[in-house]
Amino acid sequence: MTRETWATRVGFVLAAVGSAVGLGNVWRFPWVTAENGGSAFLLVYLFVVLVVGVPGLVGEFVVGRRAKRNPVGALRDLSGSRAWTAVGGVSVVTALVLLSFYSVVGGWIIRYFVESALALAGGPLPYAANPGAYFGGVSTGVDALAYHLLFLALTGAVVLGGVRRGIELGTTVMMPVVFALLVALAAWAATQPGATAGYAFYLSFDLATLRTNVFSVLAPAAGQALFTLSLGAGTMITYASYLGEDRSLPVDAGTIALLNTLVGVLAGLVVFPLLFSLGVDPGSPGPGALFVSIAGAFVRLPAGTLVASVFFGVVALAALSSSISMLELPVAVLVDEIGLDRRRAVALSMSVFAVTGAAAALDASVFELFAVTLVDRLLTAGLAVFLLFVGWVLGRDALAEFRAGAGPLAARLATPWLYVVGVVLPLFLVFTLLTGVGLDARVGFWPTVTLAVGIVLALFLAVRSPRSVL
Ligand code: TRP
């Protein structure tokens with residue numbers, strides 16, 4: 001059977017934007033920003049999106065389009081080496097860690113959407129009386145498990161439809177809706193009292209705090225930037241493997257990063273004014289911020305139930321358009337490498353995610369391990385090793401693939417790009433990883449050391465490669 005491709009270029013871009021825009025922009029961004037001091041964090045984050053994100057996206061696209069295979073098969077085919085195949089295999093593990101907690105958070109979102117919508121129809125709003133206690137009760141345990149399975153089932157339903165009739169169709173419908181509704185919500189939030197204080201916290205680029213903080217925010221800012229762009233796990237390799245004819249990869253990567261950042265800023269324009277509108281302290285919100293502070297703010301505002309329904313509906317769509325990219329990765333591996341049909345591949349992957357996600361739903365420490373400790377480090381180290389591959393192992397072929405379909409101007413960027421992804425970015429990412437060791441001394445030390453050793457091993461593999469131009 002021939003491998004599926006995207007029907008249109010816009011379809012591919014929107015699918016990738018759908019992967020990028022998600023809980024990272026709406027749920028994760030506000031609390032990670034607040035935890036790391038606001039504006040200084042924001043600047044470093046934007047810097048990483050531009051300097052690491054865009055060239056990194058091109059790197060994943062180059063490999064995916066060149067190999068026309070899932071990450072495992074792609075690294076094997078392009079390197080002919082077992083060690084690099086194993087590196088591709090790590091992406092499956094990363095996707096597992098990702099979707100396991102993502103699906104739990106997606107489940108929380110669905111629950112809040114359902115409850116807000118039911119209240120709109122006349123019922124009581126269960127989280128209104130005491131949002132903190134309510135969230136504490138439903139965020140872990142059987143409740144969380146049930147909604148995790150529901151969210152996973154929705155994800156599976158889209159992926160089951162295949163590349164064109166599932167993912168592409170789904171995201172081309174979902175993304176414009178998400179965008180339009182976020183604009184409406186931001187406009188509504190602007191009319192709330194206290195909005196100005198929210199903007200001030202969010203948008204004051206305070207260079208003085210940046211000077212004292214830059215190293216302490218580097219690791220979380222880089223982690224957040226990679227997370228929001230879906231980089232370092234191989235999902236963008238997978239999506240680019242469905243590209244048919246050659247189009248400009250740098251232009252597509254720039255477009256995707258730009259649209260993702262726009263949505264991120266928009267989401268901030270919704271979330272921060274609300275956090276401030278009722279004097280909620282953004283200082284120590286944690287993963288519950290959206291569900292405690294924001295949900296608490298909604299219920300005290302006029303038309304709050306309606307706005308809450310729209311808000312959680314939008315976030316649910318954004319989350320779904322991302323989770324499908326995580327599920328598609330192991331599905332592509334099973335289809336390409338083992339020859340399973342899509343139905344079986346989806347069923348098998350979903351069964352695994354159902355179990356690992358259940359662990360995160362039932363045990364808050366597993367959730368924290370996945371969502372906080374592991375994910376940033378896996379993405380940062382994963383991208384560093386992957387970019388070594390692009391720069392040194394793919395080498396000349398990466399240049400050719402970069403130029404294919406690119407305009408004359410972009411084509412001239414190919415060589416500088418290869419030096420950036422092959423040398424500068426891996427060094428930067430390793431440095432970032434190491435600055436993060438002290439941040440989370442309880443649990444962060446050994447994972448970081450292990451990953452750093454992995455990167456050094458990859459470097460040895462990389463420099464011996466015959467096709468390297470570096
Ligand atoms: N980018 C998505 C978000 O912001 C999440 C996501 C999807 C992701 N695929 C990924 C994150 C791959 C890291 C790697 O919600």
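Predicted model: local features only at pLDDT ≥ 70, side-chain atom pairs only at ≥ 80, totals over all residues.
**View 1. Ser230 and Lys68 have positive phi values although neither is a glycine.** Phi of Ser230 is near 55 degrees, and Ser230 counts as buried, with 12% relative accessibility; buried means under 20% relative accessible area, exposed over 50%, and partly exposed in between, with a 1.4 Å probe and protein chains only. Lys68, with a phi of about 50 degrees, belongs to the loop between helix 3 and helix 4 (71-79) and is partly exposed at 33% relative accessibility. Helices here are DSSP runs of H or I with at least four residues, strands are runs of E with at least two, and both are numbered from the N terminus.

**View 2. A salt bridge joins Arg9 and Asp252.** The closest N and O atoms of this pair are 2.7 Å apart, where a salt bridge is a side-chain nitrogen of Lys or Arg within 4 Å of a carboxyl oxygen of Asp or Glu. The pair links distant parts of the chain, since Arg9 is in helix 1 (residues 9-20) and Asp252 is in helix 12 (residues 249-277), 243 residues apart. Arg9 is partly exposed, with a relative accessible area of 32%, whereas Asp252 is buried at 2% relative accessibility. A search of the whole structure finds 14 salt bridges.

**View 3. Asp246 and Arg65 meet through their side chains in a salt bridge.** The N to O distance is 3.5 Å, and the pair connects distant parts of the chain, with Asp246 in the loop between helix 11 (235-240) and helix 12 and Arg65 in helix 3 (residues 39-67), 181 residues apart. Asp246 is partly exposed, with a relative accessible area of 42%, but Arg65 is buried at 1% relative accessibility.

**View 4. Helix 1 is mostly covered, with 10 of its 12 residues buried.** From its first C-alpha to its last, helix 1 reaches 17 Å, close to the 16 Å expected at 1.5 Å a residue; the expected span is 1.5 Å times one less than the number of residues. Among the buried residues of helix 1 are Phe12, Val13, Leu14 and Val17.

**View 5. A nonpolar patch on the surface is formed by Leu169, Val173, Val177 and Leu181.** Together these residues have about 310 Å² of accessible area, a value from the Shrake-Rupley method with a 1.4 Å probe, in which only the protein chains shown count as cover for residues. Patches are made of residues with over 30% relative accessible area and no salt bridge, like charges being joined within 9 Å and nonpolar side chains (Val, Leu, Ile, Met, Phe, Trp, Tyr) within 5 Å. Val177 lies in helix 8 (residues 162-190) and is partly exposed, with a relative accessible area of 33%.

**View 6. The charged end of Arg28 sits over the ring of Phe227.** The charged end is 4.6 Å from the ring centre, and a charge counts as over a ring if NZ of Lys or CZ of Arg is within 6 Å of the centre and within 35 degrees of the ring normal.

Notes:
Residues numbered from 1 in each chain as written. Heavy atoms only, no water.
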